[in-house]
Amino acid sequence: MSTILVLLLLLSIATLASRPAALSGLLDRLLTPLLIMLGIGCAPGGLALLSSSLVESLEPALAVGVTWLGILIGLRSASREASRQAGRADQGRASLRAAIVVVSSTSASVLLAMAALTAPHLLGLRRYDNAPLLAGAALILGGALVGSPPIDRDNRIELALRSRLIDVGDLIAVACAIVALAILPPWSPLPPSMAAVVVVGSGLLLALVQRLLGGSANGDPATRTIALLGVVAVGAGLLHDAGLPSAVAGLVAGATLGYTELGRVLRAALAPTERPARIVVVFLVGTMMPLSLTSLVVGGLLAAGQLVVQFVATSWAVGHRPSARVLATGLSSSSAPLVVAASYALAGLPEGELLLATAAVAVVTMDVLAAAIGLGTRWQFPAGALSTPPSAAQSTPPMVVQR
Amino acid sequence: MLRTLRNFDGVAVHGGPVFSLGFLVIAGAVFGKLASAARLPKLTGFLVAGILAGPQGFAILNVDDVKALSLINALALALIALQAGAELTLGTLQRTWRSVMWSSLSQTSLIVPVMALLFFALSGSMRFLDGLDTASVVAVAVIWGVLALTRSPAVTLAILSETRARGPLAEHALGVVVLLDVLVLPLFAAAMAVARGQISGQAFEVEIFAHLAQDLFASVCAGTAFGLVVALLLRVITRERVLMVVVVGYGITALSAYLRYDTLLVFVVAGFVVMNLTRFGPDLVKTSEQTSAGVMIVFFATAGAKVDLVALQQLWPIALAFFFARAIMTIIACRVGHRLANDVPVVTRLGFTPFISQAGVTIGLATIVADVLPDVGKALATLVIAVVGLNELAGPVIFTLGLKKAGELPPHVDHVDHGDHVVGG
């Protein structure tokens, strides 16, 4: 009967998620934390509504889910539509500033992550026991969590800057996840450098196969979606079995496709699948992550660090103290950290489950902080957030603050 | 290419069920297009893709993979049955009930005895029947006759969904295939009870019919209740309906299995209730179609992967004989039924075309025979699987040709669409 319970649970979530009126305001902003906690509650370590064997049997579904989301995040990262709305001079200035903001905030985020990851050692808790693992984990978490600081829409330069930041925001997670592959200690049958090459190559191959099978931008939408489903499952199956993070290949494939006309069409066609996929993935992450004191400490520190990074980066970028609305939008997490961390955990990275639990705690804390900071304001959700209500998404003009 | 993909730097990678799922989706989609280009239904392409990739083909998928992918079957059958129920509007039933009743009656009364007689006549050439007395052979022959009556609701529905055919033949096919699916159950139970008594010496239990009637009645009641629940959910859930349909599909399947209801009947009734008693019928059809596009490819490709080529190779002469005999009897029975019902000429002439297909239902019943009558059942099941393999490949083509000849395919479609439309989508 546990299968039925899980299904009914997901049904309830889908019901609640589709009723913005019932989940308006604070509750809707906290959907990711609620789903994670629901997953933890149902897991064998919680109320044991789900057996260990059932959770284990759901792993392939999570592998497909994270690869699918990886492609969607990759597709979004290559969006350049917004930048067309600003003049060339503005774009040039914005590109320079964006580069500085992104490089500095990412570096700060990774350094903060590294500091947070060493904290368990000082507290005598379970820790990442070697330098390459620590550096790789810091890159994965720091790169995925930082995203791009949101900018208020006060003038044209800020608009252009914002669109540039959107361009590169999720690509940071991609780049950091790839670099981490080469840094991490070998755990798959492949040496690290080869693993990185294979993952990137697989991503490019997936994009090529999708291009060949999915037809042109003018082709049939059903064929494109089905081809992508096949491509994602083949990629996830092979990479998962080879002990490699399939979501990273998905990110590469998505980013590659995103720069083509087909990518624009795919982005629009796949948008309706994103929310259900996220609901399932976030819930499954909750059921599979082993919560520990280490993950709570490191996750909390990471979230606090992100608050500082977002505040400083946004203040510098716009030249004044950011409003609570802007800060809340920036802090509200996208699903990139969970997707990348889950993918590494599924690939069998040593301490991968700890990494996943840490990312989940960080994401949950960031969302709670964002909800607290944005209390009483009408802040928007980041583009990849789970909690985007349709009314907000529809009413959001293209250049409004998003991440 | 595939071997290269599966060997990263000399490391052998299998990929497991997720890889198999993706491979079947891609291969099914490609072969579906090829079939479409060859003026065949896409479904045939999916089946061929499965046969080639399956354990007895190029062995890209192993037996475990196929077993794991069978999880998709529950969802596929749920979607098919929901859509079937939704297609059965009160207006359709009013128009076709007479034709459906006569066709079902004539098929039942002609196909079962004639196929049983043929089986009995050929029993001398079937070694697995050696050692059985005449009465036992007759009992097994009756089981064979009942199995010959089974059709494939899944294939019929998938072809109707793929071609978007509309007309008397399509309506008639839908009604008969659902009714026969219900009629076969008591017939099969009776045949099994007799055979068990004859071969294993177990007493004939009349109560099984009472239990069966109770189960069928309970299935209808449950289907009605689930239909109302689905309508309520469609009213409440406005955004994640694909997720809802998936959850409802698996949830009701699990509940029906737990309560021993006829899952197919439950879903057909649920679809019927949503379409005819609420205003959410079109929403259900739309959501089911959105969900079923990829699911159908995997479902039929998996069915192809399960085709027992070895059995077909060993038993092809006798399997071919049974295949032709069943097809001829189906033609005769349908013509008789439609003449009695005074149907329009197109239905009288082509009314047999939907009923050549056989698939999962038949194999499922054959598996029960193999379990209950281990001495002869396993060999009988192998023969059934060989015949089903032929019916599975020929059936969709014949039905599609029938729809084309009946002029029930949409004007912009030749036989099936040559665009990129995928079955169910």
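Predicted model: local features only at pLDDT ≥ 70, side-chain atom pairs only at ≥ 80, totals over all residues.
Welcome! Residues are numbered from 1 along each chain as its sequence is written, chains are lettered from A and ligands numbered from 1 in the order in which they are written, and side-chain values use heavy atoms, leaving out hydrogens and water.

- B:Gly54 counts as buried because its relative accessibility is 0%; buried means under 20% relative accessible area, exposed over 50%, and partly exposed in between (1.4 Å probe, protein chains only).
- Leaving aside neighbours within four places in sequence, B:Gly54 is in contact with B:Ala59, B:Ile60, B:Leu61 and B:Ala305, where contact means heavy atoms within 4.5 Å.
- B:Gly54 and B:Lys306 are 252 residues apart in sequence, yet their C-alpha atoms are 7.0 Å apart in space.
- B:Ala59 is found in the loop between α3 and α4 of chain B, and at 46% relative accessibility B:Ala59 counts as partly exposed.
- B:Ala59 has a positive phi of about 55 degrees although it is not a glycine.
- Most residues other than glycine have a negative phi.

**Chain A at a glance**

- Chain A has 17 helices and zero strands; helices (H or I, at least four residues) and strands (E, at least two) are DSSP runs, numbered from the N terminus.
- Of the 403 residues in chain A, 59% are buried.
- Among chain A contacts between residues at least 6 apart in sequence, 81% join residues at least 24 apart.
- The mean pLDDT of chain A is 76, and 76% of its residues reach 70 or more; pLDDT is the predictor's confidence in each residue, from 0 to 100.
- Over residues 383-403 of chain A the pLDDT is below 50, and this stretch has 67 contacts in the model beyond near neighbours in sequence.

**Places to visit in chain A**

- Helix α5 (residues 59-77) of chain A has 19 residues and reaches 26 Å from its first C-alpha to its last, close to the 27 Å expected at 1.5 Å a residue; the expected span is 1.5 Å times one less than the number of residues.
- Because 16 of its 19 residues are buried, α5(A) is largely enclosed by the rest of the structure.
- A:Ser109 lies in helix α6 (residues 88-123) of chain A, and at 1% relative accessibility A:Ser109 counts as buried.
- Beyond neighbours within four places in sequence, A:Ser109 is in contact with A:Gly142, A:Val146, A:Gln306 and A:Val309.
- A:Glu351 is found in the loop between α15 (336-346) and α16 (352-373) of chain A, and its phi is positive, near 65 degrees, in a residue other than glycine.

**The nonpolar core**

- The largest nonpolar core has 238 residues, and those with the most contacts inside it are A:Val285, A:Tyr344, B:Phe119 and B:Phe300; such a core is a set of buried Ala, Val, Leu, Ile, Met, Phe, Trp, Tyr and Cys residues joined through side-chain atoms within 4.5 Å.
- Helix α9 (residues 168-200) of chain B gives the most to this core, with 13 residues.
- The 33 residues of α9(B) should span 48 Å at 1.5 Å a residue, and its end C-alpha atoms are 46 Å apart, which agrees.
- After α9(B) comes B:Gly201, whose phi is positive, near 80 degrees.
- Not counting residues up to four places away in sequence, B:Phe300 touches B:Leu43, B:Phe46, B:Leu47, B:Ala154, B:Val155 and B:Ala158.

**Aromatic pairs**

- The structure holds six aromatic pairs over all chains; rings of Phe, Tyr and Trp (its six-membered ring) pair if their centres lie within 6.5 Å, with planes under 30 degrees apart counted as stacked, over 60 as edge-to-face and the rest as tilted.
- B:Trp144 and B:Phe322 form a tilted pair, 4.6 Å centre to centre with 50 degrees between the planes.
- This pair links distant parts of the chain, with B:Trp144 in helix α7 (residues 134-149) and B:Phe322 in helix α14 (residues 309-340) of chain B, 178 residues apart.
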